[in-house]
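Okay, thanks for coming, everyone.

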Amino acid sequence: MDVLDLTRLQFAVVTIYHYLFVPLSISLAATAAGLELAWLRTGADKYRQLTRFVGALLIVTFAVGVVTGLVQEFQFGLGWSNFARFYGDVFGPTLAIEGMLAFFLEATFLALWYFGWDRLPRAAHAATIVVVAVGTVLSAFIILAANSFMQNPVAYALDPATGRARLTSLTALLTNEVNLAAFPHTMAGAAMAGGALLLAIGAWRARSAAKSAAGDGAAFGTLARLGAWLTFLGGALTALTGDYLGKVITGVQPMKMAAAEALYATTAGAPFSVFALGGGGDGRPFFSIEVPYLLSVLAKGSPGATVAGIDDLQAQYVAQYGPGSYIPMVPVAFWTFRLMIGIGMLAAGLAAAYLWTGRRGRTPHRLLVRALPVLPLLPAAANTFGWLFTETARQPWLAFGITTVADGLSPGLTRAEVLASLLGFTAVYGVLAVVWLRLVRRLARKPLDPAPAPACAERDTPEPAPVY
């Protein structure tokens, strides 16, 4: 592999690893906030116990996410300094705002929440975790705006004096149509990721408590149902928002949708292949199982709509941007798109089966409960395939229509330097993964906090008067 391929591989390793923890942090923060507000509203102690339980999972996940996010931002200077230099004025505000949110807002209020138990008034304490939840959502929106710029560059102008891109409107950058479509899709995927983790832990602990007659089975049953609803509803919203995002992407990057279907010829009433086998060097499928008109519906919302094919788009881009290949790796785009959808639907289906078999107090099917420990892997895999599709199907562009990936590479970067940093990041991330898994496993096995002592009742009991 040359320097460019190694740098791309390094960025992929860093980004994919970081993105395993981001959706979990968003979902766990929102769940902890919801549980604490439920405790504030009802006074039911199980909500206080579950808030502390989910909050502990959040702190561990948030810490790993912050560390890996730092490395991801350093990537721009390490491997992509030409890109950072050219687009620094555009990306600077978003990365600065995201950094402020992550390190000052979220970290500060998460610390206040952790150390504020029994020290802050209940309402103030609940407000701290709500701020954390809002901060994670804002942080995601801001950083998605930076990524959306790479998908659909807006709100910039080329400065002839500096030779760099200059931001013309932060509002226009944040309201990029790709960002507005990608944000709800990302939030729905985050709900699935966190929900699957809580469902797996809750169902396992509820089943263990039933066997041992432990007293926290009811609370973990509540956690499992909450996780199942998050996973199921997140899956449904992911499908709806993904449909809208697909139509937006078809408008700004038609090659990406054509590659997702391996559609080489422009077609009216284009079908969607559920499965296909490619042959030859161009990757054209020689066997496929197709659903008629579905690609036209997914891309443009009409069964008879015309979807541009790869060959015609390649000719169009050559005329527009000059000689070269503008075709991404079609098999990667084709399969990552289907794996993203299929694995996500499987996760939502398992959650729906858990809710259905456990309705009205029934015990969920034992085979289903035994399969749930692998459930958290499914949304994580679906999110990862989604990112792979988003980024690889944009190739060869770094910022679509303006800068290619090769143009953004740091000058003077050597193969040995990239290989050394790649091995270093991989090793550190491997250690972090082991630490995170061990901590989550330990937290998942801990009993819930006992109910607090009835301090009020003690205060209401008059102390005996001293007798001399």
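When I say salt bridge today, I mean a side-chain nitrogen of Lys or Arg sitting within 4 Å of a carboxyl oxygen of Asp or Glu. One caveat before we start: this is a predicted model.

So, how many salt bridges does that rule give us? The count is six. I'll talk through some of them.

Let's take aspartate 159 and arginine 166. These two form a salt bridge, and their closest N and O atoms are 3.8 Å apart. With the cut-off at 4 Å, that still makes the list. Now, are the two partners buried or exposed, or something in between? Aspartate 159 has 18% relative accessibility and counts as buried. Arginine 166, at 38%, is partly exposed. Keep in mind that buried means under 20% here, so aspartate 159, with its 18%, falls on the buried side.

Next up, arginine 164 and aspartate 89. Their side chains also meet in a salt bridge, with 3.9 Å from N to O. What I like about this one is where the partners come from. Arginine 164 belongs to strand E2, residues 164-167, while aspartate 89 is part of helix H3, residues 81-115, so the bridge ties together parts that are 75 residues apart in sequence. As for accessibility, arginine 164 is partly exposed with a relative accessible area of 30%, and aspartate 89 is partly exposed too, at 37%.

Then there's a local pair: aspartate 45 with arginine 48. In this salt bridge the closest N and O atoms are 2.7 Å apart. Both residues are in helix H2, which covers residues 45-78, and because they are three residues apart there, about one helical turn separates them. Aspartate 45 is partly exposed at 24% relative accessibility, whereas arginine 48 is buried at 8%.

Speaking of charge in general, side chains of opposite charge can pair when their charged atoms come close. Arginine 438 sits in helix H14, residues 415-445, and with 59% relative accessibility it counts as exposed.

Okay, on to the backbone. There's a cis peptide bond running from glutamine 395 to proline 396, with omega near 10°. You'll find proline 396 in the loop between H13 and strand E7, which is 397-399.

We also have a couple of alanines with positive phi. Alanine 155 has phi near 60°, which is a positive value in a residue other than glycine. That alanine is in the loop connecting helix H4 (122-151) with strand E1 (156-159), and it's buried at 13% relative accessibility. Alanine 262 is also not a glycine, yet has a positive phi of about 55°. Its place is the loop between helix H8 (254-261) and strand E3 (267-268). Alanine 262 is buried as well, with a relative accessible area of 10%.

Alanine 380 itself is partly exposed, at 26% relative accessibility.

That's my tour, so over to you for questions.

Technical notes. Residues are numbered from 1 along each chain as its sequence is written. This is a predicted model: local features need pLDDT of at least 70, side-chain atom pairs count only at pLDDT 80 or more; totals for chains, interfaces and linings use all residues. Side-chain values use heavy atoms; hydrogens and water are left out. Helices (H or I, at least four residues) and strands (E, at least two) are DSSP runs, numbered from the N terminus. Buried means under 20% relative accessible area, exposed over 50%, partly exposed in between (1.4 Å probe, protein chains only).
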